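The following report describes a single protein chain and a ligand. Please examine the sequence and the structure alongside the text.

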Amino acid sequence: MTTIAVIPGDGIGPEVVEQAMVVLDRLGIGLKFDVLDHVNATSYLRDGSTLETADMDRVRSGAGILLGAIGDPRVRSVDYAREILLRLRFELDLYVNYRPARLLHDRLSPLRDPARRAIDCVLVRENTEGLYVDVGGTVREGTDHETAIDAEVSTYFGVSRVIGFALRAARHGVCMVDKANAVRNSGELWQRCWRDLGEAHPELVKTHLYVDVAAMRLVEDPASFEVIVTNNSYGDILSDLAAQVAGGLGAAASANINPESGAGLYEPVHGSAPDIAGTGTANPFGAILSGAMLLDQLGRTDEANAVRGAVDRAVAARRCTVDLGGQLGTADAGRAVVSEL
Ligand code: NAI
Ligand code: MG
């Protein structure tokens, strides 16, 4: 038996993760789920608990983690999500956030020109540094001179390992995205790491774009990208953009991984969607496709491809949720994938 730690989380998290577990279970490959259903906003509001040390032990002992979403409008403090999501990313050193964007079906593309719709790229987002490290503070709080500072931290170690991963992951080309024309210090570091590591990959087409142009190009000519590597915050934003160009946030999957240790956390790109939580309408395909990425990690490539194929067929047949042009609810969309397997 292979144990998967599951953190359903908040809002639509438990609804979509349930369907991912149904699909994975259906493969009959001996997966066992250790569900941490107490890690959510309700527990936090009751007694302040988040991800405790015992939970971390359970998470570490599994072969991978499947997560729904963390975030609840009743919780005002950013500490809640940080203590769960960022604790997992930082303590397990999941420095690669791997976010594929592949057009699910032609009708889902928001682009007018059919020749430009075929996005099939991977966004590799640095996941442990950048703007999200919580370095900074606020001075003169409550006055007209209040000043808030969030420092963006980039290290040679951190930048070179994620760029190295992206270069190894590509077959044809990698595009490095930064804002070196305005953000001087990190910009210089990213540029230097890019040059240093790129030399070892003469077989690849290496391009560079500033983040504003990259956003424009992702809409204008998304099919021109294969692998994009960028920092934490640009990657956060560009991956939602790429997901929408690929057919919608609800079907976007992601993996937070440490390629050296093999630790991995798999989650849909979307959040807890409080606006539709409890309505049974959430799209479970992002969670199901995240489960497929977990299968890749377990070496179950055939099964992972089978799940992806089943999702493709369900979408093509409109056996999917409203956001993908179907009429099914969450559970029926999950069942559609199972029946396509
Ligand atoms: P969101 O991704 O939850 O929702 C954005 C929009 O997309 C909403 O209109 C929502 O209804 C729709 N949507 C999202 N997932 C969908 C699905 N599976 N099916 C159909 N429609 C879907 O982003 P938002 O509203 O900014 O954040 C809500 C909460 O989620 C916040 O507390 C935020 O911090 C948290 N969040 C958590 C993440 C995580 O756990 N990794 C990632 C992003 C947000
Ligand atoms: Mg995001």
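Apart from residues within four places in sequence, leucine 189 is in contact with Ser154, Tyr156 and Val159. The model shown here is predicted. Leucine 189 belongs to helix H6, which covers residues 184-198. Between the C-alpha atoms of leucine 189 and alanine 54 the distance is 38 Å, and 135 residues separate the two in sequence.

With 23 other C-beta atoms within 10 Å, leucine 24 is buried. Leaving out residues up to four places away in sequence, leucine 24 touches Leu31 and Gly291. Glycine 326 is 302 residues from leucine 24 along the chain, and their C-alpha atoms are separated by 23 Å.

**Domains and annotation**

Domain 1 consists of residues 1-92 together with 275-341, while domain 2 consists of 110-136 together with 149-245. Taken over C-alpha atoms, the centres of domain 1 and domain 2 are separated by 26 Å. An unreviewed UniProt entry lists residues 3-337 as "domain: Isopropylmalate dehydrogenase-like". That span, 3-337, is 40% helix and 19% strand, and its end C-alpha atoms lie 22 Å apart.

How many of the five residues of strand E12 are buried? The strand comprises residues 264-268, and five of its five residues are buried, leaving E12 mostly covered. In a regular strand, side chains alternate between the two faces of the sheet. In E12, Gly264, Tyr266 and Pro268 point one way, whereas Leu265 and Glu267 point the other way, and all are buried.

Strand E3, residues 65-69, runs parallel to E12 and is joined to E12 by two bridges. Within this pairing, leucine 66 has tyrosine 266 of E12 as its bridge partner. Strand E11, residues 253-257, pairs with E12 in the antiparallel sense over five bridges. Here serine 254 stands opposite glutamate 267 of E12. The hairpin of E11 and E12 has six residues between the strands, and in this hairpin glycine 262 takes a positive phi near 85°.

**Strand E5 and its partners**

Strand E5 spans residues 120-126, and six of its seven residues are buried, so E5 is largely enclosed by the rest of the structure. Strand E4, residues 96-102, is antiparallel to E5 and is joined to E5 by seven bridges. Arginine 99 has leucine 123 of E5 as its bridge partner. Strand E10, residues 227-230, runs parallel to E5, with four bridges between them. In that pair, valine 122 is bridged to valine 227 of E10.

| Pair | Sense | Bridges |
|---|---|---|
| E3 and E12 | parallel | two bridges |
| E11 and E12 | antiparallel | five bridges |
| E4 and E5 | antiparallel | seven bridges |
| E5 and E10 | parallel | four bridges |

**Two aspartates with positive phi**

Which phi value does aspartate 93 adopt? Its phi is near 55°, a positive value in a residue other than glycine. Aspartate 93 lies in the loop between helix H4 (79-91) and E4. Because aspartate 93 has 16 C-beta neighbours inside 10 Å, it counts as partly exposed.

Aspartate 134 likewise is a residue other than glycine with a positive phi, near 65°. Its place is the loop between E5 and strand E6 (136-139). Aspartate 134 has 14 C-beta neighbours inside 10 Å and so counts as partly exposed.

Which residues come nearest to ligand 1? Of the 21 residues around ligand 1, those that come nearest are Gly71, Gly250, His270, Gly271 and Asn283. By residue class, the shell around ligand 1 divides into eleven nonpolar, seven polar and three charged residues.

Methods: Residues are numbered from 1 along each chain as its sequence is written. Chains are lettered from A and ligands numbered from 1 in the order in which they are written. This is a predicted model: local features need pLDDT of at least 70, side-chain atom pairs count only at pLDDT 80 or more; totals for chains, interfaces and linings use all residues. Domain bounds come from an automatic or database domain assignment. A residue is near a molecule or strand if its C-beta atom, placed from the backbone, lies within 6 Å of it. Ala, Val, Leu, Ile, Met, Phe, Trp, Tyr, Cys and Pro count as nonpolar, Asp, Glu, Lys and Arg as charged, and the others, Gly among them, as polar. UniProt positions are given in the numbering used here, feature names are shortened, and annotations may be inferred rather than shown by experiment. Two residues are in contact if their C-beta atoms, placed from the backbone, lie within 7 Å. A residue is buried if 20 or more other C-beta atoms lie within 10 Å of its own, exposed if 12 or fewer, and partly exposed in between; C-beta atoms are placed from the backbone. Two strands pair if DSSP finds at least two bridges between them.
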